[in-house]
Amino acid sequence: MKKEIPQMPPYPAPEWAVTQWFNSAPLSPDSLRGRIIVLGAFQMLCPGCVAHGLPQLQRVEQTFSREEVAVVGLHTVFEHHAAMTPVALEAFLHEYRIGFPVGVDTHTDPAGPPVTMQRYKLRGTPSLILIDRLGQVRHDAFGQEPDLALGARIAMLLAEGSGAEVAVSDQQEQPNCTIEGGCN
């Protein structure tokens, strides 16, 4: 039995409002057109980001070709502004060996969420956005996303237009045997 991964209706990826870039020259969804973009919104003092979100982005970067999949971090601070400055972020990126591009989300109202966070309607961190080769947002998630589900989503986007078909099934069609000795 094949199970489809639910997909959201695509919409154009909003521009990123970034005040500073680390590990890269300035980037935008348009400058990465033709590649799948895995955009990870995080805060360096967010336990879920440090334990799950950022390591997952590092695994994605190590797994997929950089020519096909661009991993981009967005440091989107909505609390503890005094502690999460670009200077502190630079040290954090060095200590955690984050080598993919990271942009600092712009604030226009220190009491409110940052600009890019608002444009993508993110609820918090960690958040993950998948943007297809044509610049359309195809998936967003708040919280921890299972690696296998994320890998399947990326593979499906990579297969689009390539003629390859990717299916995700919840059970393999293999024989199962019980401890009582019965096999099907």
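This is a predicted model: local features need pLDDT of at least 70, side-chain atom pairs count only at pLDDT 80 or more; totals for chains, interfaces and linings use all residues.

Q: How are the axes of H1 and H4 placed, and at what angle do the two helices pack?

A: Helix H1, residues 47-63, and helix H4, residues 147-159, have axes 11 Å apart and pack at an angle of about 40°. Angles under 35 degrees count as roughly parallel and those from 65 to 115 as roughly perpendicular, so H1 is oblique to H4. The crossing of H1 and H4 is right-handed.

Q: Is Ser127 buried or exposed?

A: The general idea is to compare relative accessible area with a cut-off, and buried means under 20%. Ser127, which lies in strand E6, residues 127-131, has 4% relative accessibility and therefore counts as buried.

Q: Which residues surround Ser127, leaving aside its neighbours within four places in sequence?

A: Ser127 is in contact with Leu39, Gly40, Ala41, Leu122, Ala141 and Phe142 once those neighbours are left aside. Its side chain also reaches the backbone oxygen of Gly124, at 2.6 Å.

Q: Where does Ala51 lie, and how far is it from Gln144 in sequence and in space?

A: Ala51 lies in helix H1 and, at 48% relative accessibility, counts as partly exposed. Ala51 and Gln144 are 93 residues apart in sequence, whereas their C-alpha atoms are 9.6 Å apart in space.

Definitions and conventions: Residues are numbered from 1 along each chain as its sequence is written. Side-chain values use heavy atoms; hydrogens and water are left out. Axes are lines fitted to C-alpha atoms, for helices over the stretch in contact, and angles run from 0 to 180 degrees between N-to-C directions. Helices (H or I, at least four residues) and strands (E, at least two) are DSSP runs, numbered from the N terminus. Angles under 35 degrees count as roughly parallel, over 145 as roughly antiparallel, 65 to 115 as roughly perpendicular and the rest as oblique. A crossing is left-handed if the near helix is turned anticlockwise from the far one by less than a right angle, and right-handed if clockwise. Buried means under 20% relative accessible area, exposed over 50%, partly exposed in between (1.4 Å probe, protein chains only). A polar contact is a pair of N or O atoms within 3.5 Å; within protein, one must be able to donate a hydrogen and the other to accept it, and residues adjacent in sequence count only if both atoms are side-chain atoms. Contact means heavy atoms within 4.5 Å.
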